[in-house]
Amino acid sequence: MTLSAYCRHFAVILLLASQNLSAAEIDPARITFDNTRDRIYQIRVMDISANTRSSTGSGFLIGDNGSIATNYHVIASAISSPDKYRIEILQEDEVMRYIGTIVHVDVVHDLAILSTEIKATDFLTLATQAPAKGDRVYSIGYPYDLGVTVVPGTYNGLIPHSASPRVHFTGSLNPGMSGGPAFNGDNEVIGVNVATSGNQVSFLVPVHNLHDLVAEATTSPPKDLNRAIAEQLAANSERMITEMLEGNWETVTLGGANALNEVTGFLRCWGNSRDEDKATDDRPFWAQRMCQTDHNIFVNRGFNTGKIELQFYWIESATLNGAQFYNYYESIFSGYRPGNSGREQDLGNWACQEGFVDNDASVNTKSVFCARAYKEFEGIYDILFLQGSMDDKTEAHMIHFTLAGTTQDLAMRFTRRFMEAGAW
Amino acid sequence: MVAPVIRVTTEGTTSRLIHPTASRVRIGRALDNDIVLDDPYVDPYHAILDTREPGSWQFTDLKSRNGSREGRRPIENGTLKSGALLTLGKSQLQVFSRDHHTAPALSLYDLEHRLISHDGIRLMVGLLCVLAAMSALSLFTRYDGSEIRLENIIAIVAGALFAPVIVAGFWALIAKLTRGHSRFRALVNVTLVALIVPLFIEPLLYTLYFNLPGASSLNLLVTGLNISVGGAYLYIVLTIATELSPRIRQFSTATVMVAAVVMLVITQWSSRDEFAQNPAYDGRLMHPTLLVRSGMSNDEFMRSLPSVFEHADVLIKEP
């Protein structure tokens with residue numbers, strides 16, 4: 001080769017090398033973003049009569065019929081009041097606005113699938129394998145009204161003790177990004193943005209739940225969304241209560257009686273008691289143990305369900321007489337509250353029954369059982385149960401649980417097991 | 001000449017009846033008068049009453065220092081009829097003819113008489129002690145070991161004792177205005193009784209009903225008790241403090257009681273469908289010695305639960 005040809009080749013090689021070097025300096029977040037942003041949309045729930053947006057979120061294209069995946073909570077109001085709200089789907093340029101129709105929802109995992117008139121056929125790919133802890137993931141969505149944004153973060157595995165599977169994502173998600181996708185390094189969706197706790201602690205719904213929902217929507221799409229939700233709540237309650245019934249019912253000491261421990265993985269327990277050393281008065285000594293699931297299932301603004309709470313409460317007094325102690329005991333016994341809340345359009349009023357029950361451990365108790373029905377979801381109830389001992393003049397034990405969003409059969413099986421738990 | 005009968009009342013003495021025989025009755029403080037008034041504000045020779053004309057007597061004031069009055073107006077020379085009330089100094093003379101109409105005797109068993117005869121101080125003190133004791137007992141059983149603040153106790157006890165006095169005072173004012181006598185002590189006693197009776201019966205009812213859980217029928221009973229006591233109290237107080245006829249009193253009392261019942265029914269009925277986030281269950285607990293019945297077994301309790309679900313379903317049905 002002549003020198004000039006050699007120089008030219010060398011120049012070309014240098015040029016190519018330099019180009020490769022700068023390619024390596026482009027942030028992978030940007031690459032992911034560039035590759036996927038055209039299939040990610042903002043979802044606006046519009047109040048039809050006011051013609052303003054009532055809430056916003058994000059969604060992404062996953063299949064035929066312009067199928068958009070998002071969170072259930074982003075479009076929840078459109079399910080309960082379909083005449084009041086319209087779902088609009090658009091991108092940053094706001095050129096095309098598509099109307100979304102709800103195809104299927106998963107209220108337990110907070111997912112929804114909408115169909116639209118979007119003609120694009122190039123869908124996002126759903127990953128089939130979960131990332132490894134420490135892998136970099138990229139979350140994309142439409143935070144507030146700041147336009148489409150990419151948030152890089154770290155995959156930190158599934159959260160332990162969670163009532164439904166959630167991925168811990170170390171990155172700063174914020175509310176408008178709900179329903180948007182989170183990608184691995186291969187531009188595959190590994191999760192759906194769902195919530196944040198601030199301080200770079202955020203959560204994703206694992207993609208396998210979306211797989212399941214898509215499969216169900218394809219094979220047997222629901223005709224009645226409320227019926228589907230009722231079935232999901234019942235199935236979720238069945239899963240949780242069955243796991244509890246098969247769990248570890250060993251007791252621990254609480255005062256002069258017993259309490260249950262973490263019966264199963266998704267219950268978190270803690271206890272506290274009156275600090276006798278710091279006490280300045282003669283009120284009775286109390287000790288309590290409380291176990292509950294970590295989060296509620298959002299059904300609508302102001303209405304949540306799914307929670308399971310257990311509580312064991314011990315009181316005793318060395319200074320009060322019987323009449324005074326029972327007056328104090330009554331004030332506690334009368335003040336129990338449910339673990340979830342709802343609005344008048346969602347829930348009926350409580351129906352209660354009280355009675356004296358001599359349980360199998362030969363303890364005289366006053367027992368209360370209350371239930372309230374869900375107006376839109378047939379066969380689903382909230383339950384409140386309470387049992388207080390009546391044997392002793394100056395000490396007492398109360399056992400209590402609330403179940404939100406369960407069925408009559410499950411509630412009764414659980415009640416029986418709970419009464420026989422040996423907390424006496 | 002028709003001799004009058006004169007009722008003389010001097011301050012500090014009980015009234016006496018005098019049958020003067022003189023045709024010209026001399027009245028004054030001097031001891032040689034026909035009617036001697038032991039009153040320092042009466043002149044020694046204060047007035048003359050001429051009784052010669054039947055049915056109308058002539059009164060003449062003898063230019064006394066403080067003058068004389070008939071009813072409210074001053075009199076120097078005037079004609080008196082039966083029933084006229086004269087005031088000389090601080091003494092009162094009421095002049096009657098012998099055939100003056102007298103009212104028939106009151107019955108000793110008349111309700112009003114029986115009520116106003118219960119005006120003894122000893123009875124009042126006794127009732128106040130009972131009320132104080134019941135308040136103290138109530139405070140004692142409610143004590144839960146928290147710091148006792150003396151000002152709270154004083155406020156509660158003072159309130160419990162002053163409230164009946166104030167209410168009775170209101171009715172006493174009505175009595176004074178309509179009847180001339182306040183009858184305050186009798187009213188205080190009646191008010192105290194009206195407070196004590198429910199305070200005594202209510203806990204009794206709660207205790208009796210403790211073994212029958214389910215608060216709604218008990219609440220009905222207690223409300224009925226309060227309305228009955230309130231109605232009886234109103235009737236009694238109207239009897240003592242006003243001059244209304246029995247029929248009007250009965251009618252007013254019945255109207256007030258019916259109005260109270262109607263208002264309660266309306267508030268209950270209108271809030272029946274009100275949405276409540278928390279359950280309203282009967283959480284009454286009492287000392288274990290008051291639990292006389294044995295409880296049901298776990299099985300029986302479980303068998304009773306389906307009816308709760310049925311009731312819950314009924315509550316979500318659209319009316």
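**Where the domains of chain A meet**

Mentor: Across the interface of domain 1 of chain A and domain 2 of chain A, the rule finds four residue pairs in polar contact, with both residues at pLDDT 80 or more; such a contact is a pair of N or O atoms within 3.5 Å, where within protein one atom must be able to donate a hydrogen and the other to accept it, and where residues adjacent in sequence count only if both atoms are side-chain atoms. This is a predicted model, in which local features need pLDDT of at least 70 and side-chain atom pairs count only at pLDDT 80 or more, while totals for chains, interfaces and linings use all residues. Residues are numbered from 1 along each chain as its sequence is written, chains are lettered from A and ligands numbered from 1 in the order in which they are written, and side-chain values use heavy atoms, leaving out hydrogens and water.

Across that interface between domain 1 and domain 2 of chain A, the rule finds zero salt bridges, a salt bridge being a side-chain nitrogen of Lys or Arg within 4 Å of a carboxyl oxygen of Asp or Glu. On the side of domain 1 of chain A that touches domain 2 of chain A, the elements giving two or more residues are β2 (52-63), α3 (72-80) and β5 (98-106) of chain A, and α3(A) provides the largest share of that side, five residues. These elements are DSSP runs numbered from the N terminus, helices being H or I of at least four residues and strands E of at least two.

The domains themselves cover residues 37-221 (domain 1) and 231-419 (domain 2) of chain A, with bounds that come from an automatic or database domain assignment. Taken over C-alpha atoms, the centres of domain 1 and domain 2 of chain A are separated by 36 Å, and their contact takes 18 residues from domain 1 of chain A and 16 residues from domain 2 of chain A, where contact means heavy atoms within 4.5 Å.

About 1,300 Å² is buried between domain 1 and domain 2 of chain A, with carbon and sulfur atoms giving 49% of this area. V108(A), H161(A) and A163(A) supply 43% of the area that domain 1 of chain A buries against domain 2 of chain A, more than any other three residues. Buried area here is the accessible area (1.4 Å probe) that two parts lose on being put together, summed over both.

Another boundary lies between the chains, where 66 residues of chain A are in contact with 50 residues of chain B. Chain A and chain B bury about 5,100 Å² between them, and 62% of it is on carbon and sulfur atoms; of the area that chain A buries against chain B, N349(A), Q353(A) and F356(A) supply 14%, more than any other three residues. Three salt bridges are counted between chain A and chain B; K366(A) forms a salt bridge with D282(B), with the closest N and O atoms 3.7 Å apart. The count of residue pairs in polar contact between chain A and chain B is 22, both residues of a pair being at pLDDT 80 or more, and the elements that give two or more residues to the side of chain A that touches chain B are α6 (322-333), β21, β22, β23 (381-389) and α7 (408-419) of chain A.

C352(A) lies in strand β21 (residues 351-358) of chain A and C370(A) in strand β22 (residues 364-373) of chain A, so the pair ties together parts that are 18 residues apart in sequence. C352(A) is partly exposed, with a relative accessible area of 22%, whereas C370(A), at 0%, is buried; buried means under 20% relative accessible area, exposed over 50%, and partly exposed in between (1.4 Å probe, protein chains only).
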